[in-house]
Amino acid sequence: MDFWSTIGVLFRRWYVVLPAFALAIFASLAVYRTVPVQYASNAVIALTLPKNGGVLPYNPREPNPELNPLIVTERGLTATASILIAALNSPDVATELGAPPGGAVELSVNNGSSNLEAMANGPLVYIEVESPSPDLSRELVQRVSARARVELREREVQVAAPATTYIVVTDVVAPTAPEPRLARKSRAMVVALALGGMAALTSAYAAESFALARRRRVAKDAGLPEVVLPERVP
């Protein structure tokens, strides 16, 4: 049926559409109240060069220069930040810190962009946690920030970097106060309302089909001409 035919059906079967739509609104409100509020806290840390740089002064007793490979690589601190982001996004690390994959707690660690091709834009690490508990959100951000320092130090030890060349981790943005995120609740409400609207429309057509079939049956029993629907004009 075209648009105006649909409107006609809705008006004729208002006694079905209105209760169904009212039920859809009630269900959407119930869904909105049922879905828990997520609270988000975030922090930003930066990797900076140590005071004396990444290379120790020349020592004639050492044939090879003493340096921190995580600093003197082609992309330096930017590459190291990408290494940290990859490590902190590991499912094992997330589970250990209290944010198992697939749970109500969502952990995100990136460089400020969700684009994987831009994972090495700068030596910044953005941390965000969403959870139903505001206290847990902030606590997990603090845990991840602390874990970033541990991961970095372990890798510097692995590459035998001199202690005086260790990378400095600076808090650019300390863990923020948790803020409510209502996007998930709103999406759930909109989906429930859309499904309810579709159900109301389906109910109207079902009532229309039932009424038409009943009229045909009554007309047939009474020997009257069969009720025929007008053909749709293309």
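Predicted model: local features only at pLDDT ≥ 70, side-chain atom pairs only at ≥ 80, totals over all residues.
**A chat about the model**

Colleague: Where is Ala160 placed?

Modeller: Ala160 sits in the loop that runs between H6 and strand S4 (168-173). Its positive phi occurs in a residue other than glycine.

Colleague: And is Ala160 buried or exposed?

Modeller: Ala160 is exposed, with a relative accessible area of 62%.

Colleague: Let me step back. How many helices and strands does the protein have?

Modeller: There are 7 helices and 5 strands in the protein. Going along the sequence, the pattern is α-α-β-α-α-α-β-β-α-β-β-α.

Colleague: What share of the residues counts as buried?

Modeller: The protein has 234 residues, and 32% of them count as buried. As for contacts between residues at least 6 apart in sequence, 75% join residues at least 24 apart.

Colleague: Which residues touch the most other members of the largest nonpolar core?

Modeller: That core has 25 residues, and the ones touching the most other members are Leu47, Val109, Val125, Leu152 and Ile167. Two or more core residues come from each of strand S1 (38-48), helix H3 (69-72), helix H4 (77-88), helix H5 (91-97), strand S3 (124-131) and helix H6 (134-158).

Colleague: Pick one for me. What is Val125 in contact with?

Modeller: Setting aside neighbours within four places in sequence, Val125 is in contact with Ala43, Val44, Ile45, Ala81, Ile85, Val109 and Asn110.

Colleague: Ala81 and Ile85 make me curious about H4. Why call H4 largely enclosed by the rest of the structure?

Modeller: Because 10 of the 12 residues of H4 are buried. Those buried residues are Leu77, Thr78, Ala79, Thr80, Ala81, Ser82, Leu84, Ile85, Ala87 and Leu88.

Colleague: What covers the buried residues of H4?

Modeller: The cover includes S1, H3, H5, strand S2 (106-110), S3 and H6.

Colleague: How do the axes of H4 and H6 cross?

Modeller: They come within 10 Å and cross at roughly 120 degrees. Angles from 65 to 115 count as roughly perpendicular and those over 145 as roughly antiparallel, so H4 and H6 are oblique to each other. The crossing is right-handed.

Colleague: Which residues of H4 and H6 meet?

Modeller: On the H4 side, Thr80, Ile83, Leu84, Ala87 and Leu88 take part. They meet Val144, Arg147, Ala148, Glu151, Leu152 and Arg155 in H6.

Colleague: Several of those numbers step by three or four. Why would that be?

Modeller: An α-helix has 3.6 residues a turn, so residues three or four places apart point the same way.

Colleague: Which residues of H6 are buried?

Modeller: The buried ones are Ser137, Leu140, Val141, Val144, Ser145, Arg147, Ala148, Glu151, Leu152 and Glu156.

Colleague: Tell me about Ser145. What does Ser145 touch?

Modeller: Ser145 is buried, with a relative accessible area of 7%. Not counting residues up to four places away in sequence, Ser145 touches Ile45, Ile127 and Asp171.

Colleague: And Asp171, where is that found?

Modeller: Asp171 is found in strand S4. At 43% relative accessibility, Asp171 counts as partly exposed. The C-alpha atoms of Asp171 and Ser145 are separated by 8.8 Å, while the two residues are 26 residues apart along the chain. Beyond neighbours up to four places away, Asp171 touches Val44, Ile45, Ser145 and Arg149.

Colleague: One last stop: Ala94. Buried or exposed?

Modeller: Ala94 is buried, with a relative accessible area of 8%. Ala94 lies in helix H5. Leaving aside neighbours within four places in sequence, Ala94 is in contact with Ala99, Pro100 and Leu107. The C-alpha atoms of Ala94 and Val105, 11 residues apart along the chain, are separated by 9.7 Å.

Technical notes:
Residues numbered from 1 in each chain as written. Heavy atoms only, no water. Core = buried A, V, L, I, M, F, W, Y, C linked by side-chain atoms within 4.5 Å. Buried < 20%, exposed > 50% of the residue type's maximum accessible area, 1.4 Å probe, protein only. Helix = DSSP H or I, 4+ residues; strand = E, 2+ residues; numbered from the N terminus. Contact = heavy atoms within 4.5 Å. Axes fitted to C-alpha atoms, helices over the stretch in contact; angles between N-to-C directions. Parallel < 35°, antiparallel > 145°, perpendicular 65-115°, else oblique. Left-handed = near helix turned anticlockwise from the far one by under 90°.
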